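Trainee: I would like to learn how to read salt bridges. Please take me through them.

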Amino acid sequence: MDTKLQIIDISIPLFQQKGYKGVGVTEIIKACNVSKGSFYHHFPNGKEELLIACLQSISEVITTHIQDIFKQSPTTQEATKAMIDILVSNFEQEGTISGSTITSIVSEMGSLTDPVRDVCSDLYLKMQTIYVSKLESDGFSKEKANSIAVMMNASIEGAIILCLTQKSSNPLKVISHVLSDLFN
């Protein structure tokens, strides 16, 4: 595997589990089993450049996963339920949902730079675009679909945070039912 891709792949779960501030370059170098020179060769601007590469990689994975679910489901209601069911299952099996979200990183937004914020914003906009498209195909107006998509993102991300803090999948289950009612 390419060293740069290896550093990104190993760093993604570190950032997801510990956040940006919780992971140091020394820890990343040790986990990746690379030299400091090799790390800075691939990421000359340091940890923030690596974070942006990790966020871009996560964004592709999450967006593709959501697109697949929404393409396979005939309605927004069924797609949303399927997506949340996967999150619940992951949480109940692994005790975390870090692989499906950037929540831990986004929670530090106040201290992050505009380039990092832009990558995170882009992911949420991609998610909303998928939701809007499906909602419009379900008959919602563009304006209503946009409003519901924002609410879906906020509800699901908020429920993920609650799951992690409460150590329970119940918040996602509640959101699944509430969103389902909204689509009726």
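Mentor: Asp 85 and Lys 81 both sit in helix H5 (residues 76–94), 4 residues apart, about one turn of the helix. Helices (H or I, at least four residues) are DSSP runs, numbered from the N terminus. This is a predicted model: local features need pLDDT of at least 70, side-chain atom pairs count only at pLDDT 80 or more, and totals for chains, interfaces and linings use all residues. Residues are numbered from 1 along each chain as its sequence is written, and side-chain values use heavy atoms, with hydrogens and water left out.

Trainee: How far apart are the closest N and O atoms of Asp 85 and Lys 81?

Mentor: A salt bridge is a side-chain nitrogen of Lys or Arg within 4 Å of a carboxyl oxygen of Asp or Glu. Here the closest N and O atoms are 2.8 Å apart, and the pair forms a salt bridge.

Trainee: How many salt bridges does the structure hold?

Mentor: It holds 6. Among them is Asp 122 with Lys 126, at 3.3 Å. These two are 4 residues apart in helix H7 (residues 114–137), about one helical turn.

Trainee: Which residue does Glu 136 form a salt bridge with?

Mentor: Lys 142, with the closest N and O atoms 3.7 Å apart. Glu 136 is partly exposed at 32%, whereas Lys 142 is exposed at 51%.

Conventions. Buried < 20%, exposed > 50% of the residue type's maximum accessible area, 1.4 Å probe, protein only.
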